[in-house]
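Colleague: I have a new model open and would like to learn how to read it. Can we go through it feature by feature?

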Amino acid sequence: MDDVTRIVGQVRDELSVELRERVRARLHDQPVDWLVEQLLTLVLPEERRAIPTSRWRSSPVRAVEEIGENRAARMARLRELDLDEDSLPCFMERYRCLNRSVLEAGGYLVDPPLNGTGLISAECRSPQGEALLCEVKDVLYGLLFGGEEEGVLLGRVKRELLTLTVPRAKAHTLAFLFRAATEVGAEGTWCDPRPAATDDRAPNTIFQIEYGEVAGELVGGTLSMALKLINDLEINERVLHGRTESIEESTLIDG
């Protein structure tokens, strides 16, 4: 029995070394921003808290401040976008028309991976596509967190909640939003039921972000179109599973 126990112990030690090296290799291939977010989640779990619902803020909670030139550049770009209740319908309709087929035919995407597989890297986006992705992320940021300082002039009259499910391996693409989000289901798994899906039940991360809505649901509608476009330009899921909710109704966001 001692010999069997010793053999089992040796095999366990050997596998432990192999596991460590394989994990190290996988981590080495991940983006730095994603690794930082994972470490913060492990060491500062108390930072991810639900947004209180007992009081209303005149403007939504803003994301953790970006550092230096990145934040200054985003703020400058947001001011140029002139996000208000007159411009939102224009953004909504423009983004609605830019589906995956249009993006490929128009040269925004160049030989992207199959829909539902890996991320669409910068190498698969033309300069035009890269500029569009930057714009739509700025619009998304402005819709969720923007106020007068950023040139976002929206008469927000009620509270809404965006719930978004993103594969954990792709969550870093929206990291500039998640630091102000509530993580509600880090261990969740969702699988596209269609036979061609390739996610293999990869773990997902579910986030909730509170924002202010205007009359006519213009913010929620533009949010839906912006997220669909980000999915088509970068995240590359068959379905980017999201939902905007108010007290009375909810709206699904398909990929």
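Modeller: Start with exposure. Buried means under 20% relative accessible area, exposed means over 50%, and partly exposed is in between, with a 1.4 Å probe and protein chains only. At 27% relative accessibility, E217 counts as partly exposed. This is a predicted model: local features need pLDDT of at least 70, side-chain atom pairs count only at pLDDT 80 or more, and totals for chains, interfaces and linings use all residues. Residues are numbered from 1 along each chain as its sequence is written, and side-chain values use heavy atoms, with hydrogens and water left out.

Colleague: What percentage of the 255 residues in the protein is buried?

Modeller: Buried residues make up 42% of them. As for surface, accessible areas come from the Shrake-Rupley method with a 1.4 Å probe, and for residues only the protein chains shown count as cover. The protein exposes about 14,300 Å², with 55% supplied by carbon and sulfur atoms.

Colleague: How many helices and strands does the protein have?

Modeller: Helices (H or I, at least four residues) and strands (E, at least two) are DSSP runs, numbered from the N terminus. Here there are eight helices and five strands. Their order along the sequence is α-α-α-α-α-α-β-α-β-β-α-β-β.

Colleague: Which residues of helix α4 are buried?

Modeller: L88, F91, M92 and Y95 are buried in α4, which spans residues 88–97. Seen down the helix axis, these buried residues fall within an arc of 100°, so they line one face of α4. The arc is that of the directions from the helix axis to the C-beta atoms. On the other side of α4, C90 and C97 are exposed.

Colleague: And in a strand? Which way do the side chains of β4 point?

Modeller: They alternate along β4, residues 242–245. Two strands pair if DSSP finds at least two bridges between them. β1 (residues 158–167) and β4 run antiparallel, joined by four bridges. Opposite R243 of β4 stands T163.

Colleague: Now E237, in the loop between α8 and β4. Is E237 buried or exposed?

Modeller: Buried, with a relative accessible area of 10%. Contact means heavy atoms within 4.5 Å. Leaving aside neighbours within four places in sequence, E237 is in contact with N115, G116, T117, P167, K170 and N231. E237 and L119 are 118 residues apart in sequence, and 8.3 Å apart in space, C-alpha to C-alpha.

Colleague: For contacts in the protein with a separation of 6 or more, what share comes from residues 24 or more positions apart?

Modeller: Such residues account for 74% of those contacts.
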